[in-house]
Amino acid sequence: MVGPARPLFVLFGSSIVQMSYDHGGWGAILSDIYSRRADILLRGYFGWNSRRAVEVLDQVFPKDAAVQPSLVIVYFGGNDSMGSHSSGLGPHVPLPEYIDNMRKIASHVKSLSASTRTIFLSCPPVNEAIIRGSTSGIFSEIVRTNELCQQYSEACIKLCQEMDIKVVDLFTAFQKTDD
């Protein structure tokens, strides 16, 4: 490592995390705020869901790493909550499995260090009109609705309350403005 050791923040999730470094995105803002005070690692992957995240937990967060994160921000749910495709393919994860996967992620992250703080982000709402207008033939069967997003958001919030994990309720927060 170059220079003095700093706290390590890890942003772990799907494309909402991946794109958080776009101009003015929340990851970029966080990096700016903590510039020279924390190292922020982006582990956001387009199209990922909680099932895929569980498969790579030990690689992303090895328990024997010399340095453990001070803060982990976790977001999964948007892809999980998409309606299932008739082929069985696609990012959908049934709600009970999503809850179990998120519990596994939370338990793993909490086990890294007594000082690792964890924040989960719940599933945000979607603009259904825009989604209906931009579907392709390939994804025409895959449905993304606010009804499904809300179910996954509420499940994430409930899990975090049970496990004493901080959670940001994106579903409610995003609906406080008209845009």
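So, which residues in H5 meet which residues in H7? Keep in mind as we go that this is a predicted model.

On the H5 side we have Leu95, Tyr98, Ile99, Met102, Arg103, Ala106, Ser107 and Lys110. Across from them, H7 brings in Gln151, Tyr152, Ala155, Cys156, Leu159, Glu162 and Met163. If you sort that contact by class, you get 10 nonpolar, two polar and three charged residues. As for geometry, H5 runs over residues 95-110 and H7 over residues 146-163, and their axes come within 10 Å, crossing at roughly 35°. The crossing is right-handed.

Okay, on to the charges. Side chains of opposite charge can pair when their charged atoms come close. Here, the structure holds five salt bridges, and I'll walk you through some of them.

Let's stay on H5 for a moment. Glu97 pairs with Arg51, with 2.7 Å between the closest N and O atoms. That one ties together distant parts of the chain: Glu97 sits in H5, Arg51 in H3, and they're 46 residues apart. Glu97 is partly exposed at 27% relative accessible area, and Arg51 is partly exposed too, at 32%.

Lys104 comes out partly exposed at 40%, and so does Asp100 at 35%.

Glu55 is exposed, at 51%, while Arg52 is partly exposed, at 34%.

How values were computed: Residues numbered from 1 in each chain as written. Predicted model: local features only at pLDDT ≥ 70, side-chain atom pairs only at ≥ 80, totals over all residues. Heavy atoms only, no water. Axes fitted to C-alpha atoms, helices over the stretch in contact; angles between N-to-C directions. Helix = DSSP H or I, 4+ residues; strand = E, 2+ residues; numbered from the N terminus. Left-handed = near helix turned anticlockwise from the far one by under 90°. Contact = heavy atoms within 4.5 Å. Nonpolar A, V, L, I, M, F, W, Y, C, P; charged D, E, K, R; others polar. Salt bridge = Lys/Arg side-chain N within 4 Å of Asp/Glu carboxyl O. Buried < 20%, exposed > 50% of the residue type's maximum accessible area, 1.4 Å probe, protein only.
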